[in-house]
Amino acid sequence: MTDWFVETLHPEFSQGLTMDTLLYRDKSDIQDLVIFENERFGRVMCLDGVVQTTEGDEFVYHEMLAHVPILAHGNARNVLIIGGGDGGMAREALKHQNVQVTMVEIDRAVVDFCAEHLPNHSAGAFDNPRLDLVITDGAKFVQETDKRFDVIIVDSTDPIGPGAVLFTAEFYAGCKRCLTDGGIVVTQNGVPFVQPEEVTNSFQRLGESFADVHFYRAAVPTYQGGDMTFGWATDNKDLRHLTASELEARYAAAGIETRYVTPAFHAASFALPKTILDLMR
Ligand code: SAM
């Protein structure tokens, strides 16, 4: 009998993955954590019944949320990751040799069990001396820290449970508070075809703190429902209008290896279909 993991994010629309080998399943103080092997996507990590990341397609998501803002900024030295317990985002951000990374994750159990059962995601990032790992609520951290960041990457769960506070205007104002002038905030912002309200809400709420709010996109197969959107917020309106040739120079200078994002795709990912533009109101 094949065991199936069936996602519970949407009552009327779901995806299933075979659990060929169950590696870990338990409740932390905060979330229900499952890690299993799947023939097509490799190791899969789920929180509270929702697929968070898989070995098969994580690089799409992590490269788009790490390299697009860091290379658009052009002189990032301090990067803050909110969430990101699997370590994949830290791995990509630390590819930039001049960058110090602070990672603020609410659930220690996610970090520990992903380091053990999903080691390819972090690939040593948790032992990197340029990483400062803080276990606390990201919403509290941005209101209290005296550190300042050039780029803030919100690699959160969906706006349910502990992640809900990371989609509020107060949290975005807290991000603005600890951002350097002209800095950039990017967010995991859901799949608009099945989560349209996330685009409208974030557009309004980010707009209360930032002069330039937009989205960019990529398709991550196990975030079902088509294109995923990434929120983009900054006061520097020029940063998302860099040309492919300007970006080529920056990607080359950074010397980073990627499997998905290219300078041309980076530039193109800000071009949005009407279905998403119509939600930005
Ligand atoms: N890529 C995934 C997605 O798009 O759904 C997110 C992956 S990452 C594992 C999400 C992380 O956010 C989890 O480790 C979770 O514990 C963390 N998280 C949720 N709420 C948080 C909060 N308020 N502060 C800090 N981390 C939080």
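## The β11–β13 pair

In this predicted model, strands β11 (residues 179–188) and β13 (residues 227–234) run antiparallel and are joined by 5 bridges. Within the pair, Val185 stands opposite Ala233 of β13.

Helix α7 (residues 196–207) lies across β11 and β13, and across β12 too. The helix runs at about 150° to β12.

## The seven-stranded sheet

The β11–β13 pair sits in an open sheet of 7 strands. Their order is β9-β8-β7-β10-β11-β13-β12, and the pairing is mixed. The edges are held by β9 (131–135) and β12 (212–219). Each has a single partner strand, so one side of each is left without a neighbour in the sheet. From one strand to the next, the twist averages 20°.

Helix α3 (residues 108–117) packs on this sheet. The helix touches β8 (100–105) and β9, and its direction makes about 130° with that of β9.

## The four-stranded sheet

Another open sheet has 4 strands, in the order β3-β4-β5-β6. Here the pairing is antiparallel. At the edges stand β3 (21–27) and β6, each of which pairs on one side only. On average, neighbouring strands are turned by 20° against each other, direction ignored.

Strand β4 (residues 32–38) pairs with β5 over 6 bridges, in the antiparallel sense. Ile35 has its bridge partner in β5, namely Met45. Helix α3 packs on this sheet as well, touching β3, β4 and β5. The direction of α3 makes about 15° with that of β4.

## Helices α1 and α8

How do α1 and α8 meet, and at roughly what angle do their axes cross? The axes come within 10 Å and cross at roughly 105°. That makes α1 roughly perpendicular to α8.

On the α1 side, the contact is made by His67, Val68, Leu71, Ala72 and His73. Helix α8 brings Arg250, Tyr251 and Ala254. By class, the residues of this contact divide into 5 nonpolar, 2 polar and 1 charged.

## The largest pocket

The largest pocket has a volume of about 260 Å³. Its lining counts 13 residues. Leu71, Gly74, His96, Asn98 and Ala254 lie nearest the centre of the pocket.

Which element gives the most to the lining of the largest pocket? That is α8, with 3 residues. The lining of the pocket has 6 nonpolar, 5 polar and 2 charged residues.

## The cavity

How many cavities of 30 Å³ or more are there? The count comes to 1. The largest cavity has a volume of about 460 Å³. Among the 39 residues that line the cavity, Gln52, Asp155, Ser156, Thr157 and Asp158 are the closest to its centre.

Several elements supply at least two lining residues each: β5 (42–47), β6 (50–54), α1, β7 (78–83) and β8. Strand β6 provides the largest share, 4 residues. The lining of the cavity has 15 nonpolar, 18 polar and 6 charged residues.

The cavity lining draws on both sheets. From the four-stranded sheet come β5 and β6. From the seven-stranded sheet come β7 and β8.

Methods: Residues are numbered from 1 along each chain as its sequence is written. This is a predicted model: local features need pLDDT of at least 70, side-chain atom pairs count only at pLDDT 80 or more; totals for chains, interfaces and linings use all residues. Side-chain values use heavy atoms; hydrogens and water are left out. Two strands pair if DSSP finds at least two bridges between them. Axes are lines fitted to C-alpha atoms, for helices over the stretch in contact, and angles run from 0 to 180 degrees between N-to-C directions. Contact means heavy atoms within 4.5 Å. On a 1 Å grid over the protein atoms alone, a cavity is a set of points where a 1.4 Å probe fits but cannot get out, and a pocket is an open set with protein on both sides within 12 Å along at least five of seven lines; lining residues have an atom within 4 Å of a point. Grid points are joined across faces, edges and corners, and a volume is the space filled by probe spheres set on the points. Ala, Val, Leu, Ile, Met, Phe, Trp, Tyr, Cys and Pro count as nonpolar, Asp, Glu, Lys and Arg as charged, and the others, Gly among them, as polar. Angles under 35 degrees count as roughly parallel, over 145 as roughly antiparallel, 65 to 115 as roughly perpendicular and the rest as oblique.
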